[in-house]
Amino acid sequence: MTTKPTILYIEDDAANRNLVDRILTVSGYEVITAATGLRGIDLARSNDPDLILTDINLPDLKGYEIATVLRLEERFLQTPIVALTGIHYSTQREVALAAGINGYLVKPLNTTTLREQIQYYLDGGQDSLDAKRLSEGQARYTREVIRHLERRIREMGELNAELMRLDRMKQTFIQITAHELRTPLTLVYGYVRLLEDFPSLQTVFRQDETVKTLIDGLVESIERMHGVVNEILTISRLMTQDIELNIAQIDLGLLIFRVLKGFTEALQERKMRVKFEQSQFPQSIRADADLLKLAVTNLIGNAIKYTPDGGTVSVVGSVSDGQVKVVVRDTGVGIDIEEQKHIFDQFHTVDDAELHSTSKTAFGGGGLGLGLPIARGIIEAHGGQILVESAGRDIDTLPGSTFTVALPLFSSRSTMSPIGN
Ligand code: ADP
């Protein structure tokens, strides 16, 4: 049994594609089709066709550019590549043959002769040009390719500018929305706190526990909402460099101590141990206290969130070569090696965010996926670096994760730099 020759047909016009496909199939060929030049090149590489039939004017590449690309590969040196086109200027034909096309067929198609023509090229047939026209064709081809390239580079430049404009618009939108949400939220929070302390309500609280529980729930939810809005605002400001570092002398050990103190209740509830030696940290570094506190809070918060009850979180410090290292290590679930490349990206969460527990300290209680990008943004804005190490994620063996922050002891205002994504 002889196998049918395979023909790859590259044509963007669907009607033409179907027509030729049908004619060739009826003529006994196996046909695969592509609507763009790049797809055609991919199909050629994956299917090794016996012959490639291509239109000249495709949306991405010209038919003869496809031939040039494929001829660079050893296995396509002998593959017949035939142009099938509506353009019948002799100059186009010269360009096509100069670019490595074997034959040049002009539409409209003659159903009966198409088969014979295809067979001719399959059997090794080749259109020829005299030396003079071939060299003219080559010169014209070079000019055309360069012109095409220039047009494409310009288009890409315009597209890139448009994408950057859209990205700025997105950041502005996020910033305005978060800002607008925060203002009323702050008011609501203030009112609820007033309500909490309202003298006449104290009697009601004593009489009816439920009222107190309701108000507590309200305060907690508003605090959480406030936290989320602030996270969005901070990352957006870091991304657009719309954040001024408020550099001052700070006691790093004390700052970390206070962050850990804020987690006391959660740590007790979750029966977790903390290893921390305040004296390992410098008493005086120059940095933005609020931002640094936020970065450290996010790292320690994550260490707690992603470690099962009974685990240990350690925060170790060391100073050398004008920089301080803060190492936050946990005995938690760990992070997949592949995931480690993405966890500092905005809105990246390993588990489905919809399944997250809303608590900031419960095991597995995730958030928006902004904690680490914010931490990195802050550290980099101080001229520092943040790295992650973990042997992988395993909920049974708990390999743990280690985040290392390296921070210059004396960050200056001028070290503010744009953060990566
Ligand atoms: P999230 O709000 O989801 O915690 P982050 O940006 O803080 O967002 O972290 C991104 C992802 O990185 C998390 O969803 C989590 O899967 C993973 N991750 C961060 N810190 C740890 C850690 N200490 N242990 C295990 N996984 C972590």
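How far is an oxygen atom of the ligand from an N or O atom in the side chain of Tyr-306? In this predicted model, the separation is 2.8 Å, which falls under the heading of a polar contact (a pair of N or O atoms within 3.5 Å). The model is a predicted one, in which local features need pLDDT of at least 70 and side-chain atom pairs count only at pLDDT 80 or more, while totals for chains, interfaces and linings use all residues. Residues are numbered from 1 along each chain as its sequence is written, and side-chain values use heavy atoms, with hydrogens and water left out.

A polar side-chain atom of Asn-302 lies 2.8 Å from an oxygen atom of the ligand, and a backbone N or O atom of Leu-372 is placed 2.9 Å from an oxygen atom of the ligand. On its own the ligand has 530 Å² of accessible area, of which the protein covers 99% (areas by the Shrake-Rupley method with a 1.4 Å probe). Around the ligand there are 21 residues, and Asn-302, Lys-305, Tyr-306, Asp-330 and Leu-372 come nearest (a residue counts as near if one of its heavy atoms lies within 4 Å). This shell divides into ten nonpolar, nine polar and two charged residues, where Ala, Val, Leu, Ile, Met, Phe, Trp, Tyr, Cys and Pro count as nonpolar, Asp, Glu, Lys and Arg as charged, and the others, Gly among them, as polar. Helices α11 and α12 (371-381) each supply at least two residues of the shell (helices are DSSP runs of H or I with at least four residues, strands are runs of E with at least two, and both are numbered from the N terminus).

On a 1 Å grid over the protein atoms alone, a cavity is a set of points where a 1.4 Å probe fits but cannot get out, whereas a pocket is an open set with protein on both sides within 12 Å along at least five of seven lines, and lining residues have an atom within 4 Å of a point. Grid points are joined across faces, edges and corners, and a volume is the space filled by probe spheres set on the points. One cavity of 30 Å³ or more was counted, and the largest cavity has a volume of about 70 Å³. Its lining has ten nonpolar residues, with no polar and no charged ones, and α11 (289-305) gives the most, four residues. The second largest pocket, of about 200 Å³, takes the largest share of its lining, six residues, from α6.

Tyr-141 is among the residues lining that pocket. Tyr-64 and Tyr-141 form an edge-to-face aromatic pair, 5.5 Å centre to centre with 90 degrees between the planes (ring centres of Phe, Tyr or Trp, the last by its six-membered ring, within 6.5 Å; planes under 30 degrees apart are stacked, over 60 edge-to-face, the rest tilted). Because Tyr-64 lies in helix α3 and Tyr-141 in helix α6, the pair ties together parts that are 77 residues apart in sequence.

Conventions. A polar contact is a pair of N or O atoms within 3.5 Å; within protein, one must be able to donate a hydrogen and the other to accept it, and residues adjacent in sequence count only if both atoms are side-chain atoms.
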